[in-house]
Amino acid sequence: MQPRSQGSFIGERRSPWQRLQGVEAVLAQWRSDRHVRPNLVLDEVLPAAAASFAAFPEGLARPVVQALGARGLEQLYTHQARSYALSAEGRDVVVATPTASGKSLCYLLPVLQALATDREARALFLFPTKALSRDQEAALHVLLKQAGLEHGAITFDGDTPADARRSAKERSGVILTNPDMLHTGILPHHASWARFFAGLKYVVVDELHAYRGVFGSHLANVLRRLERVAKFHGASPKFLCASATIGNPQEHASKMVGRDVQLVAESGAPRGERRVLVYNPPVLNAELGIRQSYVKASARLTADLVKAGVPTLLFGQSRNGVEVMLKYLRDALQAVRIDPDVVHAYRGGYLPQTRRDIETRLREGDIRCVVATSALELGIDVGSLDAVVCAGWPGSVAALWQRFGRAGRRQGTSLSLLVTSSAPVDQYVAATARSLLSAPAEQARIDPDNVEVLVQHLKCAAFELPFEGDEGFREVPATQVRDALGYLTEHRVVHAVTTPAGKAAWHWSADAYPANDVSLRSIGWDNFVIIDVSTDKTIAEMDWRSTHTMLHEQAIYQHEGRQFQVERLDFENHKAFVRPVEPDYYTDAMTFTKVTVMSRAHEAKAPTHELGAGDVSVVERVVGYKKIKFHTHENVGYGDVRLPEMQMHTTAVWLTVPEATLTTLVAPRPDVMDALRGLLSAMHTVAAVGLMVDPRDLGQCVGGRDGDGHGSTLFDPTLYLYDHVPGGVGLSSRLFDEREALLRRTRDLLDGCPCDEGCPACVGPGAVDAVHRGRKTLALAVLSALGVTPLC
């Protein structure tokens, strides 16, 4: 593609003290750079779009108009007006417009109108993270003040002080919280929230796209309980949902709230011109397909933007990757005498106040660049950004455009840059880069009626209020609810009685507090705190799982561009003690995963293979670490790690391919093992779609018949798909029941995929040459050897 206005920069001579300024100047520099230009596999322009406006709706309360005027608004975007009109008609609404299109006002307007016209009106805002709740709380306080409304707004979560909690229950007009707190801290104690629930007009579900798979299925049941409690207190709230671009926003919202939802997807917000680039680093070793480090390339290109004064957001794939890129960026800026403090990292593990400070400084322009994990994918307000750089493929088209949408607010040219790694999926994306511009966003899937999930929330609902007569559970029929309650009665969890009116009723009868035993996100371990022994102060926190890979003894823990060595890990008391150091390397943990069958609940044997399902133990263990030198990325040493295994008991379905079947395939054993991994990847894709779950809810592993062996030395290779939730939620047993359809649909997927020898949509990308048969060809040969025929 020929650039339009950049030609004047090419070959232009600048004085040594002059620096490039702005996105256009940097683009021109890259296009004239012989090291950059050949590796730009995509360089396209998405044109600007003009705004489409609508007048303020008739009947909008004066305080609301006053608040909008204080923000400089004299009219609305068309999607905001449309959303308000639908909510005013009493409809449930989902707004699915691009990032930075003003979605927040779509749900704030109806809420402000309700508060302005009814002193007893209340609203509940649900956000997936605490950080997002706090961010929106600050914005809402300003709006309420500008409107002159006395209704308070407060975030109610685990960090809320006791006196603020009392005030929230009694006087707050808006409660901002997360699904976990609603589940365990509000609904079970609804009697003390009687005034709030009696006046509940609206329930806002922001970042709806984040609620997928098992987590989303749990939330749908929490909302069922919420509506049941609200009805008991005399309220019938409407739902206002906001989602980033996904493939099925209306269907997803309707499943979440249990009824038809009106979709607003046509944005009226203006959009500046966007430059979309994909940079594929140069090949360093053609035989092995190794390219220049995408981490170093991302940091170098981002440094060009920061030097040119372009506010930039750089997304990394991991916490370690973020900290490494932060160091590289600061080193590059120091070399040209730019204050390295204009670049900061933002990731999970930073203390809440540290994150708030970074957000504030970025909004105010004190920080020129933030290197972040997916923590900044959600709609936290970080002000105006002109460029987004993604270091590595984020996993989906939806996630990529969610990240890209963080730059380019209203006008002017913005830049969206993807830097691909040597990984097969990244290279597939680079080879088909142009398709990114038209590729449909992935769909979000939930299954609220999953039996295991549903029963857990029926227990919670029975604790909150007795079930009576022919009561259903929102859209769950009364007959199904009665059957489930009968099952719970047999297990002495609920007690069946007859009311004076002659109706059956079921009361909670167990001593346990059910909500405490139901984890919405399947994370039940406490965080570790990280203590700097040189100051004796807590500098960060780390979740239980990440502690194994990042805080083992002798690890180099990276924090805000500084390096600390872990001197001692107090595993029992959840504390890590670190000391500042200045090494020339960082550490990277090596992990091993093993699945072992504990008990077999179901088995099905065929002449060519065996299928089974049952309880398994999934063990993840950090077996050691590598020392990686900064900048050169040389491996300069190894170390041992001695930490307890991370063990999870769950359920799985497995496919065992005996040695006798494998010998019928005329191919080297390593190639066959690679094909089996590709086949498992395809089965995982089919299973996630068929079960309507997020792919992350299903784990996958190639192991031995009973977990023995690893890699290409396996005797009877076994492909495991397991519930990535402690105890399981019934996904594996459903897969076993549909085992024949699972294998045949996998065959259909491979047969129908237009790729030649594998792509991320089927078995994953795989190399093919004159010596080795391709991964897809061999995977199809395996299915043929198993006697699997197409379904259609």
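**Exercise 1. Compare the span of helix H12 (residues 319–335) with the expected one, then say whether H12 is enclosed or open.**

Step 1. Helix H12 has 17 residues and reaches 25 Å from its first C-alpha to its last, close to the 24 Å expected at 1.5 Å a residue. The expected span is 1.5 Å times one less than the number of residues. Helices (H or I, at least four residues) and strands (E, at least two) are DSSP runs, numbered from the N terminus.

Step 2. Buried means under 20% relative accessible area, exposed over 50%, partly exposed in between (1.4 Å probe, protein chains only). In H12, 12 of the 17 residues are buried, so the helix is largely enclosed by the rest of the structure. Among them are Val322, Met325, Leu329 and Leu333.

Step 3. After H12 comes Arg337, with a positive phi near 60°.

A note on the model: it is predicted, so local features need pLDDT of at least 70 and side-chain atom pairs pLDDT 80 or more, while totals for chains, interfaces and linings use all residues. Residues are numbered from 1 along each chain as its sequence is written, and side-chain values use heavy atoms, leaving out hydrogens and water.

**Exercise 2. Find the strand order of the open sheet and its edges.**

Step 1. Seven strands line up as S6-S7-S5-S8-S9-S4-S10, with parallel pairing. Two strands pair if DSSP finds at least two bridges between them.

Step 2. Strand S6 (152–155) and strand S10 (262–264) are the edges: each pairs on one side only.

Step 3. Take one pair. Strand S4 (residues 93–95) joins strand S9 (residues 238–242) over three bridges, in the parallel sense. Val93 has Leu240 as its bridge partner in S9.

**Exercise 3. Describe the salt bridge between Glu475 and Arg224.**

Step 1. A salt bridge is a side-chain nitrogen of Lys or Arg within 4 Å of a carboxyl oxygen of Asp or Glu. For Glu475 and Arg224, the closest N and O atoms are 2.9 Å apart.

Step 2. Locate both ends. Glu475 sits in the loop between strand S19 (467–468) and helix H17 (478–490), and Arg224 in helix H9 (residues 213–232). They are 251 residues apart, so the pair links distant parts of the chain.

Step 3. Check accessibility. Glu475 is partly exposed at 33%. Arg224 is buried at 1%.
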